[in-house]
Amino acid sequence: MSKPAPLASILLFSTALSPLPALAQASPAEVVEPSEAEPTEETQSGDDVDISAPGGGFSGEIIVRGRYIPNSIRNNSSVISVLSTEDIARSGDGDIAGALERVTGLSVDSGGFVYVRGLGDRYSQALLNGTLIPSPEPLKRVVPLDIFPASVLASATVQKSYSVNYPGEFGGGLINLTTAAIPDESYFEFGMGMGMNSETTGKLGYTHFGSDSDWTGFDDGTRDVPAGLAAAFNAGSRIELGPDFTQEQLQDFTASLVNAPTTLVQRNDDIPVNWSADMSAGLVEDIGASRLGVIFNASYSNKFFTRDSIEQGGTTSIIADDGRNVRTDHNIVVSGLLGLGLEVDEHVIRWTNLYIRDSLKQTSLKAADNINTGDIDPSTPADEMRQQTNWIERQLIDTVLVGEFKFGDISLDVRGGYANSQREAPYERSFTYFYDPVAEDYVNNLLTNPQSATIAFSDLNEDVWNGGIDFAYALPTSRNITLSAGYSYVNTSRNAFRRDFRYFPTSSLPFGVSQERPDYLVSDFNVYGGYTEGITTDGIFIQEDQTNAGSQAYDAELTVHGAYVKADVELIDFVQAELGVRYESADQSITALDIYNDGTLVQTAPLKNDYWLPAGTLTWNFAEDMQFRASASKTIARPQFRELARPQYLDPDSGRVFSGNPFLEDSELFNAEARVEYYFGDGERVLLAGFYKKIDNPIEPVAFIPAGSSDFQTTFANAPEAQLYGAEIELLKYFPMDGLGSSDFFADRRFVAIANYTYTDSELKVGTNDTTILDDTLGVRSADQVFIDGSPLTGQSKHLANFQFGIENTERLSQYTFLLSYASDRVTTRGPITGGQPDPDLVQDASLKLDFVAREAVTIGGQELEIKFEARNLTNENFRETQSGNVLIINQQYDLGRSFSIGVKAKF
């Protein structure tokens, strides 16, 4: 097994992961001694990185023309970008999402989801040691990578050209996370950090109590569904006033709900600082010719973020809703990793167990003027006052067992894993009050629109079983020829439900009661009619809210069988071809559950598709230290469960409601890329690439405004076609500083300059005869009623640029780095459909962020310490999402603030 790269490794080097030799063996006349043409293994920079992936152990050592082409480039065909442990540490990001943002062509949204070359997260996949990771966030396909602490990883790889040993669902890129297996030596580390944000820490925010144990990320049972209500959930009847449930029963359900701790919004004028702690330990033991290793990691993070946001709603011809929303997110992440590794000769076995729990406690207060119910006049109190409180638990448990075996010219790779993800959101509460100019106070009578009180419970559970086997044989021929084949199986099953309730009074509430604050308004006293004497029929109760789809549940399943064959062939000296084809068969179904036993559900046919997916890569080492690569492939992108399922979910990041479209179809992609690589020094390089993609039936998020509302909701639809093309360039250069004066400070230091830029252009192709299906009611409709021809794909920024420059010590830990990143405007959602035609799209403005990271090793009292200082978003960029038309609508705009943190880690 490979050891981590040395500190002086390159930052982001393009290499290869395919298991087969990529470049030709030099002819005997061209083979020279390493001292003349080849750096020794010790001088190869940034090359010895621990990677575990499908077929990742199939490699061979061959000599190429040139001094500086890394070994991993020699041994493989498909081009990827690699982040080693040191690369991740250099960026200073505490999670892998932030570090990946520095890779050429990648951008990361505020939720930690990765966008590759302008394609949204739905076109990306995440693997852990070569096996699929389910997402604990039902609105996304991949795991939000900001919940992966960087400390648990040995490497992260991003592959942007397809190879058939990977799953056929491949659009923008594939991210493979490799956990550490066997440490170089036994160790123990402990670290702590503190941080602040200029818009949050010590400033105004809003909170609610919840439970005593919320700070741990675990609810203490306070938010459990009461036993009586849980039994009613399972009764198979609609929970409403009628033959199945009496008023008294509904009042009992209402009174059993935890009230004030989940309802009362409290003002906090001094939001606390952020803090974190982590502990890592490693043990390695030599047992004869074998090595046994154990790695353990535990981490905890407690962060606050307040967004003071301008939020407008309506259509592009009129602003119907104009408000200010102050929301505080309290995010607690707890993670643990236990890894066992065994090396026996050339064989490696690793067993990785990962646990991540990401809990979000969200409290918001919004004041808004609504033209439908009042007037937009900033000099008068806002028409509406809306508060929301949420507690969302996301949890992932993943266990992966991998065996990588080598028997001379034969390699065998066996993988198996089980993962479980859960998302539970109990007590999603919302209260809306309306300003009464006569009383000069806000009131909520629970009946008159928009006055209301709602509560929702939702739960999701997903299980993933996967396994695979890969085999390769290097033929005993004069030319390098390696044949490989493999099989994989993945079964994903999901169960999800959501129950929505609204509070109703039995009769009109006394005006004084409607003026009460939320926890008093729905208190047990009012629930049982205590506000009127002697009228036992008065009171307040909850019953299921059937507006906008209301309560729903579904089961989902996806089973994929995949098999591939591949050949790596040395065509002539210094020219290598990788050719392969993958066959995939998939059954995907969404079954709406009849939770009311009334037989009214409409089912859609499952998706059953088979695909042949060819892929090929040609590599030509045409000059010393220079290579040319060209690749082409066909891949697919299946609809996510969340995109197919009808039940609604609240996106905690955008604050919008999403619902699925069961009529979606698979997307099919054609991918092509050409790339030139020049390695002009030890670890130094220039890379230039061009790429093209054609997507049939791309799936796009589409906004709509429900009747009687000014708030956006989002569903999904197939556009007819999309095309995407672009280019990217990357440069890395070192400048020795030992000649700058006589000071010892510069003796072992060098200046590091890294730059990458990606240009991407995309457009939807919508013809007059093209159709799409948006929902059951309207059925097939003309596609130009939903999509605008020529619009870019959602999530696509035309320009992405990253610049890193700083100084580092080549002999010990001492790094000072500035990081500048730019992302141009990108569409977040297709414009809402009004009047049978789409409005302009929702667009997130460009951002330019400057960060600074410093890491220094110091010794105090004989103890070695690592000090890390981070300053983020020094340019003080904000988040701004708008929609342009006759008027400019600011959907969301808030300051991100500048963030500063300092951490100390001790290694024993």
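Guide: In this predicted model, four strands make up an open sheet of mixed pairing, in the order E26-E27-E31-E30. The edges are taken by strand E26 (649-650) and strand E30 (699-704), each of which has a single partner strand, so one side of each has no neighbour in the sheet. Here strands (at least two residues) and helices (H or I, at least four) are DSSP runs numbered from the N terminus, and two strands pair if DSSP finds at least two bridges between them. E26 runs antiparallel to strand E27 (residues 657-658), with two bridges joining them; Tyr-649 has Phe-658 in E27 as its bridge partner. Residue numbers start from 1 along each chain as its sequence is written. Local features need pLDDT of at least 70, side-chain atom pairs count only at pLDDT 80 or more, totals for chains, interfaces and linings use all residues, and side-chain values use heavy atoms, without hydrogens or water.

Another antiparallel pair is formed by strand E7 (residues 153-159) and strand E8 (residues 173-179), which are joined by six bridges. Within this pair, Ala-156 stands opposite Leu-177 in E8. Seven of the seven residues of E7 are buried (under 20% relative accessible area; exposed is over 50%, partly exposed in between; 1.4 Å probe, protein chains only). Strand E7 is therefore largely enclosed by the rest of the structure.

The whole structure holds 21 aromatic pairs, counted when ring centres of Phe, Tyr or Trp (its six-membered ring) lie within 6.5 Å, with planes under 30 degrees apart called stacked, over 60 edge-to-face and the rest tilted. One of them is the tilted pair of Tyr-418 and Trp-465, with 4.4 Å from centre to centre and 40° between the planes. This pair links distant parts of the chain, since Tyr-418 belongs to strand E17 (residues 410-436) and Trp-465, 47 residues away, to strand E19. Tyr-418 counts as partly exposed because its relative accessibility is 25%.

Tyr-427 and Phe-457 form an edge-to-face pair, 5.1 Å centre to centre with 70° between the planes. Tyr-427 lies in strand E17 and Phe-457 in strand E19, so this pair ties together parts that are 30 residues apart in sequence. Both Tyr-427 and Phe-457 are buried. These two residues also belong to a cluster in which ring pairs link Phe-233, Tyr-427, Phe-457, Phe-497 and Phe-501.
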